[in-house]
Amino acid sequence: MSDISPVFILTLSCEDRVGIVAAVTGHLARLGGFILDSQQYADLDAGRFFLRVEFRPTGSAFPETLEELRAGFAPIVQRFEMEWELLPSAHKPRLLIAVSKGSHCLNDLLHRWQTGNLPIEIAGIVSNHDDLRRLTEWHGLPFHHLPVTTETRAAQEDALLSIFKAGECDYLVLARYMQVLTPGLVEKLAGKCINIHHSFLPSFKGARPYLRAHERGVKLIGATAHFVTSDLDEGPIIEQDVDRVDHRATEQELVRIGRDIEARVLARAVRWTAERRVFLNGSRTIVFR
């Protein structure tokens, strides 16, 4: 091998039918591809098949370039009409992170990224407030202050999209970005925008949800990470988690616990997406953990 990583990740989805796995693994065997990990799922209701394979080359028959490796799979892709991706495992997707004033999710992502515990590249941070500029620049990243009002929303979102494209970003991560994206922007970022929110929805919408949850005496609090769609906070779910609480917890304690859950749930969603473990399947996701 001359110019490509020694480990590769193949992901695919297609209409479910006999022979998909045999075609893929048989081709890899002929090339001398050694499978390190393989996960598959057949959605019988939707009639879709999903596959993720990690493999490395062995022997001299393996292609010398990534382009040649991809070209070898082309007949299989055409035969089964696959949606697919083949990349070196070392490939790190580029993220643009959007925030408002809350720092807990951003700070967690930055720490994990800087310590090498998230397989991502961060192109920069955008915010409708200036509060997190110092934190961002301390990590050596560009900070883009994009204030927004009802009158300037269209121009602000155009600027955000321009930053996303200029940074050659793969995903926009809303790390407690307290603005609702317009349907036009959501459509342009379909399958490329990840959000995090508390799991009190739809019961406790709006401001101070933890206060109203406390008043109702909730016993479970949690967070949900999901892809953004035009249905507010109802996109395909990537990850969720909860913690149990009781009558002793104050509103402030609920907020603290909730922020911890949000940070770790978002980090898992970002990691699994970066590792190409997440597949969109209509209103759901397939996550090979």
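Axes here are lines fitted to C-alpha atoms, for helices over the stretch in contact, and angles run from 0 to 180 degrees between N-to-C directions. Helices (H or I, at least four residues) and strands (E, at least two) are DSSP runs, numbered from the N terminus.

Now the caveats. This is a predicted model, so local features need pLDDT of at least 70 and side-chain atom pairs count only at pLDDT 80 or more, while totals for chains, interfaces and linings use all residues. Residues are numbered from 1 along each chain as its sequence is written, and side-chain values use heavy atoms, with hydrogens and water left out.

Helix H1, residues 20-31, packs with helix H2, residues 66-80, at an angle of about 160°, and their axes are 11 Å apart. So H1 and H2 are roughly antiparallel to each other. On contact, meaning heavy atoms within 4.5 Å: H1 brings Ile20, Ala23, Val24, His27, Leu28 and Leu31, and H2 brings Leu69, Gly72, Phe73, Ile76, Arg79 and Phe80.

What does UniProt say around there? An unreviewed entry has "domain: ACT" over residues 9-79. UniProt positions are in the numbering used here, feature names are shortened, and annotations may be inferred rather than shown by experiment. Residues 9-79 come out as 37% helix and 39% strand, and the end C-alpha atoms lie 20 Å apart.

On to the sheet. Seven strands make an open sheet in the order S7-S6-S5-S8-S9-S10-S11, with mixed pairing. Two strands pair if DSSP finds at least two bridges between them. At the edges sit S7 (143-145) and S11 (237-244), each pairing on one side only. From one strand to the next, the twist averages 20°. As one example of a pair, S5 (residues 94-99) and S6 (residues 121-127) run parallel and are joined by six bridges, with Val99 opposite Ser127 of S6.

What packs on it? Helix H8, residues 251-274, touches S5, S8 (171-174), S9 (193-198), S10 (220-227) and S11, and its direction makes about 150° with that of S11. Then there's H3, residues 104-114. Buried means under 20% relative accessible area, exposed over 50%, and partly exposed in between, with a 1.4 Å probe and protein chains only. The buried residues of H3 are His104, Cys105, Leu106, Asp108, Leu109, Leu110 and Trp113. They pack against S5, S6, helix H4 (133-138), S8, S9 and H8. Just after H3, Gly116 takes a positive phi of about 80°.

Now the one you'll want to look at. Which residue does UniProt list for "active site"? That's Asp233, again from an unreviewed entry. Asp233 is in the loop between S10 and S11. With a relative accessible area of 28%, Asp233 counts as partly exposed. His197, over in strand S9, is buried because its relative accessible area is 7%. Leaving aside neighbours within four places in sequence, His197 contacts Arg176, Ala223, Thr224, His226, Asp233 and Glu262.

S12 (residues 278-281) and S13 (residues 284-287) run antiparallel with four bridges, and Leu280 has Thr285 as its bridge partner.

Conventions
Parallel < 35°, antiparallel > 145°, perpendicular 65-115°, else oblique.
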